[in-house]
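Welcome! Here is a short briefing to read alongside the sequence and the 3D view.

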Amino acid sequence: MFKKILVALDRSEIGQQVFKEALGLAKLTQGSLMLLHVLSPEGEGSPYVPTLSNFDYYPGLSSQSFELYQKQWDTFKNLGIQMLQSFCAQANTAGVTTEFTQNIGNPGRIICDLAHSYGADLIVMGRRGRSGLMELFLGSVSNYVLHHATCSVHIVNLSVTPKTNEVVKETTSTLSIN
């Protein structure tokens, strides 16, 4: 069974759902969790890297821009750690042995490398639902992991439920034959 479960989390709306499924699996199999958050410039909430092309004209602007970026990056890192600590506390309260790590780099590679070094039996991760051109240009972390992981992979899809105030319209068509 799954004794060592790597849980790849980000701060998107699916993160909570991914954690809940992984926690449920760990309880069923009496496994342990390794929570992972990957810091990546492409990650949701990641600060934008300042461009330096026009800053040669205004020398002070580049250092101010970099300082602002550094503060935003530190905030981004701290929010990731806070998320991991919160999930870790929830899992420990539920009686599941849990640890966490936050790494910088390419999410797909980091997930696969950590799964290998941790000796994971299963990777649990979410899927953003990119397709077509978005997936072609931005790539798909879940697709990369599915093809490169050395263990089983469980992909959690975001469950879409209609909002209560949304009106669902039904259309009917009639065909008349003369």
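**A strand residue and a helix**

The side chains of T101 and N103 are joined by a polar contact of 3.0 Å (a pair of N or O atoms within 3.5 Å, one able to donate a hydrogen and the other to accept it; residues adjacent in sequence count only if both atoms are side-chain atoms). This is a predicted model, in which local features need pLDDT of at least 70 and side-chain atom pairs pLDDT 80 or more, while totals for chains, interfaces and linings use all residues. Residues are numbered from 1 along each chain as its sequence is written, and side-chain values use heavy atoms, without hydrogens or water.

**Around T101**
- T101 sits in strand β3 (strands are DSSP runs of E, at least two residues; helices are runs of H or I, at least four; both are numbered from the N terminus).
- Beyond neighbours within four places in sequence, T101 is in contact (heavy atoms within 4.5 Å) with M34, L35, L36, H37, L84 and L114.

**Helix α3**
- Helix α3 covers residues 107-118.
- At its start, a side-chain oxygen of N106 comes to within 3.1 Å of the backbone nitrogen of G108.
- Just after α3, G119 has a positive phi of about 75°.

**α3 against α5**
- P107, G108, R109, I111 and C112 of α3 meet V141, Y144, V145 and H148 of α5.

Notes:
The expected span of a helix is 1.5 Å times one less than its number of residues.
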